[in-house]
Amino acid sequence: MTTNPASLYKNTLNLLQTPFNMRANATIREPELQSFWAEQKVYEQLNVRNMGQSFILHDGPPYANGDLHMGHVLNKVLKDIINKYKLLKGHKVYFIPGWDCHGLPIELKVLQNLNNEQRKALTPIVLREKAKVYAETQINIQKAGFMRWGIWGEWDKPYLTFQKDYESSQIDVFGKMVLAGHIYRGLKPVHWSPSSRTALAEAELEYPDGHTSPSIYVSFPITSLPDSLKKNLQKNGLTFDSESGNSYHTLSLGIWTTTPWTLPSNLAISVNPGLLYAVTSDERSNYIIVASSLIKELSQILGSSLTLHTQMKGSELEGINYCHPLVDRISTVVLGGEYVTTESGTGLVHTAPGHGLDDFNTGNKYNIPIFCPVNEAGILSKATGPFEGLNVLKDANSNIIEALQTAGVLLKTKSYAHRYPYDWRTKKPTIFRATEQWFASIDGFREAALSAISTVKWIPEAGRNRIEAMVRERGDWCISRQRTWGVPIPVFYDRITGEVLLNEITLNHIKQLIGEHGSDIWWKLSEADLLPPCYSAEAERWKKGSDTMDVWFDSGSSWAAVISKRSGLSYPADLYLEGSDQHRGWFQSSLLTSTAVNGCAPYKQVITHGFVLDEKGRKMSKSLGNIIDPATILKGGKNQKDQPPYGADILRLWVSSVDYSSDVSIGAGVLKQLAEVYRKVRNTARYLLGNLHDFEPSIDAIHIEQLPLLDKWMLNRTAEVIDEVTLAFDRFEFFRFFQTLQNFCVVDLSNFYLDIAKDRLYVSAPNDARRRSCQTVLALILERLASLIAPVLCHMAEDIWQNLPYAVPERSIFDRNWSPAPKNWRYKNLKPPVNKLRELRGIINRQLEVTRSNGMIKASLEAKILLQINDKNILNAIEILVESGNREVDILRDWLLVSQLQLGGKLFHHTLKTNEQEKENNSIIIHIGKADGQKCERCWHYEEEVSTCKESSSLCYRCIDVLKRLNVN
């Protein structure tokens with residue numbers, strides 16, 4: 001049995017030694033590191049020690065219901081990256097996580113868990129108690145998930161919208177808006193959800209793709225014309241009166257609607273006074289009035305050519321009387337607003353003031369009553385005659401269309417695809433329904449809100465335009481809900497007249513009660529106990545209201561309940577960060593309440609992120625089977641080969657890798673790529689740690705001024721990376737951090753600096769200056785690398801810190817403040833020459849790779865190279881290396897990782913490869929040959945002295961010298 005000579009010298013090499021594992025073992029190691037942070041109270045101690053200004057990122061409350069998903073990951077990790085960076089920069093960061101706890105989904109969850117008998121016996125207070133227990137359970141589940149992702153915050157002191165101090169602050173905001181005249185009660189059409197049986201705000205709506213409605217074209221027979229219009233028509237030879245033998249119904253008004261169920265509520269037809277209208281006739285001599293510009297289009301739709309007879313302004317049609325084709329009712333043509341257009345339909349708008357905001361406003365102008373014969377479940381009432389009992393979202397449309405057909409007034413039925421509002425919780429269509437509701441009048445503070453928007457920094461900038469347009473165009477905010485689980489609207493009504501009791505005295509009294517007992521007190525106490533003492537004598541007169549507040553009013557009051565009240569926080573907050581849908585949600589509700597009360601925005605900066613899609617750019621859904629569960633990414637799936645346990649740091653790395661300003665993707669392919677990047681960063685860190693096992697900075701470090709040129713360049717490059725990463729974090733451009741980190745670890749370190757450094761790290765004697773100088777740089781880089789990745793890869797960073805082979809004063813990586821690179825790391829003058837030499841190295845490596853792939857050589861050290869260089873910049877770089885470089889480190893041959901190098905001169909007798917014919921770079925001609933001499937079995941360099949040396953027949957002089965100094969025979 002023979003022994004491999006190389007194995008004899010393995011123990012004489014400085015090989016890697018570190019307990020830092022190549023594999024993250026995240027399912028075990030990450031919780032261990034989190035326990036370390038908790039035991040050491042790292043987050044808490046930083047907020048005590050840090051002397052910088054407080055940085056307040058106010059958490060938008062997720063809803064306390066349902067499993068955590070990738071949208072939660074994107075949102076919470078973005079916040080945590082920012083907070084950890086600010087902590088490292090020396091700021092105090094009090095992150096108060098919050099939960100939105102009231103509202104319909106939780107109420108429905110409670111009801112779903114009850115049988116019919118239990119539901120019948122359910123009282124409001126029992127429902128509220130069950131809802132609170134359910135919310136608390138969900139909060140605990142979600143909190144555990146957030147903490148497992150490495151999110152830091154005041155987890156033992158979150159804000160919950162059912163907390164009595166929160167509810168009291170919300171009542172205070174409501175009260176101030178009441179006293180400022182911004183709150184009123186009125187009968188008005190609002191978005192109504194028959195599936196939820198409550199009013200909805202705009203922020204509670206969604207507009208899914210693919211909705212179609214049965215649009216219909218209907219003729220409403222005219223019964224009388226204004227005298228002026230009648231004369232005008234007669235001048236054009238058109239008479240529509242009984243004396244001429246023609247009955248009035250031969251002239252009709254053509255309308256179009258996508259909600260046939262609202263036709264029983266028709267009380268007017270609106271026209272645009274500025275549009276041009278025409279009297280037309282079809283092939284059956286039926287006369288109908290439509291917008292002139294739509295005649296051609298309507299002819300195609302109706303399948304009957306319309307002939308134009310005469311035209312008139314819309315203003316001339318005002319006062320026409322017509323009869324309802326399904327109901328015994330005479331109504332009038334009125335002048336509408338700019339909403340009457342010719343973009344679709346006929347140019348005449350069917351008007352039902354009880355079922356549309358524009359209709360309502362027009363009806364008010366003409367004193368038309370509000371008629372809304374639809375109950376809370378969406379069922380038509382007795383007032384609709386034969387249609388009583390029909391469901392407006394199910395069978396009402398088809399029955400009404402059939403009745404119109406029978407009446408002979410249905411011109412056309414056609415499916416119409418359009419945006420239609422759905423209840424965001426039940427995912428079912430909504431309707432417009434006039435009900436008595438409480439509103440916030442936006443006009444009272446709209447300009448203040450728009451002005452406040454301009455003072456905020458919006459990231460991305462397009463966010464400002466979006467919320468500005470929404471605030472400028474939005475109507476009044478319906479803030480009342482017909483639910484039990486919520487904060488009550490603290491109002492009393494006269495039992496006979498309906499008069500409202502809501503003033504400063506009652507508001508302050510209820511606020512105090514809720515502050516002491518919570519909002520359950522509204523349901524527990526009678527009016528006599530709820531009313532202030534000055535009204536107690538007339539308690540029998542008043543009845544407490546049953547409406548609760550919109551949950552957007554709940555969360556929109558968090559600036560008052562949290563950042564204005566909690567110790568260490570400040571108002572306005574430095575930053576709000578949520579999904580782009582919150583321009584119409586939390587960003588807007590917070591802005592409106594804050595400007596209504598204080599005249600300013602509750603935030604200085606707002607960052608919005610997109611939605612999380614699958615790798616094909618599709619929305620995640622159960623039906624598509626493309627949901628990515630963060631818990632599976634953390635722990636692995638059933639088949640851990642296909643779904644390995646990646647851990648929290650991979651989730652965090654994904655967040656840093658995407659441009660969150662738009663929608664982002666994730667899937668198995670993305671995760672594999674991220675895992676590879678993570679592996680490279682971790683292995684880089686492991687390599688640095690492993691080469692420092694015998695390094696004690698206080699004893700072994702080399703002064704920076706004495707470092708070789710290569711090491712100085714590496715420190716300068718690290719300083720540049722620190723600058724780049726700092727700028728990326730300051731600008732919240734985390735994808736730039738990801739790109740810089742990947743490039744630094746792979747290109748700058750692994751592929752260049754460490755590739756060159758292997759020889760002096762492994763082969764040198766432990767205390768050789770050429771090795772200690774490299775270790776000096778590795779230690780400096782390692783500590784900075786841990787710091788740079790800490791906001792994102794917090795677990796890996798801490799793992800690195802806990803495995804440092806030498807003592808440092810900081811117990812945690814987070815105790816090491818973020819700081820710019822020292823001035824003595826800056827060697828900008830080295831950047832151009834080294835970059836030229838890296839360029840040369842890249843060209844040579846490509847040629848060497850050809851010889852390797854062709855089997856001519858197995859490793860670059862088997863090669864010798866002859867270079868013919870005509871590039872002045874490269875020649876200057878080589879000259880700097882020769883004249884200013886360290887004679888043991890800054891050797892071009894070693895930088896190129898070849899055994900022999902010749903600059904110019906006589907060509908080799910036998911050349912393996914040359915690029916002379918390829919003309920890849922005319923200024924650099926490369927000749928590659930087989931290295932002379934034999935391979936040193938210790939350093940693997942080829943040297944001619946190997947086999948000729950008396951001390952050893954398999955070693956080079958350099959290795960022999962090292963072994964002598966190590967006393968190795």
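These legends describe close-up views of ring pairs, charges over rings and cysteines in a predicted model. Residues are numbered from 1 along each chain as its sequence is written, and side-chain values use heavy atoms, with hydrogens and water left out. Local features need pLDDT of at least 70 and side-chain atom pairs count only at pLDDT 80 or more, while totals for chains, interfaces and linings use all residues.

**View 1. Trp99 and Phe146 form a tilted aromatic pair.** The structure holds 35 aromatic pairs. Rings of Phe, Tyr and Trp (its six-membered ring) pair if their centres lie within 6.5 Å; planes under 30 degrees apart count as stacked, over 60 as edge-to-face and the rest as tilted. For Trp99 and Phe146, the centres lie 6.1 Å apart, with 35 degrees between the planes. Trp99 belongs to strand β2 (residues 98-99) and Phe146 to helix α7 (residues 124-148), so the pair ties together parts that are 47 residues apart in sequence. Helices (H or I, at least four residues) and strands (E, at least two) are DSSP runs, numbered from the N terminus. Trp99 and Phe146 are both buried. Buried means under 20% relative accessible area, exposed over 50%, partly exposed in between (1.4 Å probe, protein chains only).

**View 2. Phe729 and Trp818 link distant parts of the chain.** Their ring centres are 5.6 Å apart and their planes stand at 80 degrees, so the pair is edge-to-face. Phe729 is in helix α25 (residues 709-730). Trp818 is in the loop between α28 (794-802) and α29 (831-853), 89 residues apart from Phe729. Phe729 is buried, at 2% relative accessible area. Trp818 is also buried, at 8% relative accessibility.

**View 3. Ring pairs build a cluster.** Its members are Tyr85, Tyr660, Phe729, Phe734, Phe737 and Trp818.

**View 4. Lysines sit over the rings of Phe439 and Trp940.** A charge sits over a ring if NZ of Lys or CZ of Arg is within 6 Å of the ring centre and within 35 degrees of the ring normal. Lys188 lies over the face of Phe439, 5.1 Å from the ring centre. The charged end of Lys935 is 4.7 Å from the centre of the Trp940 ring.

View 5. A disulfide is a pair of cysteine sulfur atoms within 2.5 Å. For Cys478, the nearest cysteine sulfur is that of Cys372, 13 Å away. Cys478 is buried, at 5% relative accessibility. For Cys956, the nearest cysteine sulfur belongs to Cys959, 3.7 Å away. Cys956 is buried, at 3% relative accessibility.
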